[in-house]
Amino acid sequence: MSKELPRECRRLIVRQGGVLTIGQAVEAGMTVESVRNQIRAGRWRAIHRGVYTAFNGTVTRRAELWSALLRAGSDAVLSHQTAAELYGLRNEPSRLIHLTVPHGCNPERCGRIPGVVIHRSRSLARTRHPVLTPPRTRVEETVLDLIESARDFDEAYAWICRAIGRRLTTADRILAVSRARRRIRWRHDIELALGHAKGGALSRLELRYLRGVEGPHGLPTAKRQVRIRQATGNRYLDNLYEEYRACVEIDGTAAHPEDEQWQDKNRDRWNSVHEKIETIRIGLPDLLNQQRQCETAADVARWLSGRGPATGHPCANPGCPVP
């Protein structure tokens, strides 16, 4: 960065990932002609209309995000998948940059921008984060935006699980923010799921087990994500039926990658030998549909009844095999 630039201009360039608008440059003490000189000399280059990188090397992700924001206007914020990227809700950058702008934003200013998806909001002043840069929606608002654009309820619940599991927010905070919105997809199910997540059901498969196996078939209510101390450190049990000294572990490729399965087996052995807790494992095939959920419930009910008081009853599904 040239030291000949005005101090305020240099400050903006550092703060905004090496990017600024021609209007900002002029307000910071440059002239339009001096900006043109930087461009002619190859030190600056246009990245969007009226937005320039104050360097000529590879454009960083931070510079991409700032350039989209500056092109859309001072009220724009990063949102949806792009805000999720910044919070660590996504493990990779979003292919398109998602921005939210005020509902009445001038289409000429924030219309079509290459590589950018524009969302509009009437409540942006409430939903934007007050201090973080680049500007973005609050993490709870981001989760709710992702729920709105989810393909199905499983994907929506996965965003909740990820946000809570990565300690970015809590079920109570998401619930409180959701009540400020007039419309939310699957509102009743989302509020119910937030209650389950608060209780420790932090995966889509665990939610399917709770809502498709345990609840409808009168099985005891397990304690979720119970911490136990082992010689190698703390471990967490998915569903502990304390009275029965029994544990149901939910296996899924997302929650239990292949290279971690040896840890699961070691944990089961420790539970059996040291804690006197018997473990069974349930996977996606056991939870795919209502019939399989009923068959799984029958197996769990017989297993638990063999270790303590008899439990379980048929659900509303005709021919449910639970005794």
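Biologist: Which residue in β3 does His-48 stand opposite, and what makes β2 and β3 a pair?

Modeller: His-48 stands opposite Val-51 in β3. Two strands are said to pair if DSSP finds at least two bridges between them. Strands β2 (residues 45–48) and β3 (residues 51–53) have three bridges, so they pair, in the antiparallel sense. Their hairpin has two residues between the strands, and Gly-50 takes a positive phi near 80° there. This is a predicted model, in which local features need pLDDT of at least 70, side-chain atom pairs count only at pLDDT 80 or more, and totals for chains, interfaces and linings use all residues. Residues are numbered from 1 along each chain as its sequence is written, and side-chain values use heavy atoms, with hydrogens and water left out.

Biologist: What makes a stretch of chain a helix or a strand, and how many of each are there?

Modeller: Both are DSSP runs numbered from the N terminus: a helix is a run of H or I of at least four residues, and a strand is a run of E of at least two. The protein chain has 14 helices and ten strands.

Biologist: Which strands does β5 pair with, and in which sense, parallel or antiparallel?

Modeller: Strand β4 (residues 77–78) is joined to β5 by two bridges, and these strands run antiparallel. The bridge partner of Val-77 in β5 is Thr-100. With strand β6 (residues 116–121), β5 pairs in the parallel sense over six bridges; here Val-116 in β6 is the bridge partner of Ile-97.

Biologist: Why is β5 described as largely enclosed?

Modeller: A residue is buried under 20% relative accessible area, exposed over 50%, and partly exposed in between, with a 1.4 Å probe and protein chains only. Five of the six residues of β5 (residues 97–102) are buried, so the rest of the structure largely encloses this strand. In the protein chain, buried residues make up 46% of the 323 residues.

Biologist: Why is Ile-174 called buried, and which residues does Ile-174 touch?

Modeller: Ile-174, found in helix α10, has 0% relative accessibility and therefore counts as buried. Contact means heavy atoms within 4.5 Å. Leaving aside residues up to four places away in sequence, Ile-174 touches Glu-140, Val-143, Leu-144, Ile-164, Thr-169 and Leu-194. The C-alpha atoms of Ile-174 and Leu-144 are separated by 7.8 Å, although these residues are 30 residues apart along the chain.

Biologist: What makes a set of residues a nonpolar core, and which residues touch the most other members of the largest one?

Modeller: Such a core is a set of buried Ala, Val, Leu, Ile, Met, Phe, Trp, Tyr and Cys residues joined through side-chain atoms within 4.5 Å. The largest has 30 residues, and Leu-89, Val-143, Ile-147, Tyr-157, Ile-160, Ile-190 and Leu-194 touch the most other members. Helices α5 (80–87), α8, α9 (153–165), α10 (171–178), α11 (187–198) and α12 (204–214) each supply at least two residues of this core. Its largest share, eight residues, comes from α9. A second, separate core of 22 residues includes Tyr-244, Ala-298, Trp-303 and Cys-320.

Biologist: Why are nonpolar residues found in such groups?

Modeller: In soluble globular proteins, nonpolar side chains tend to be buried together.
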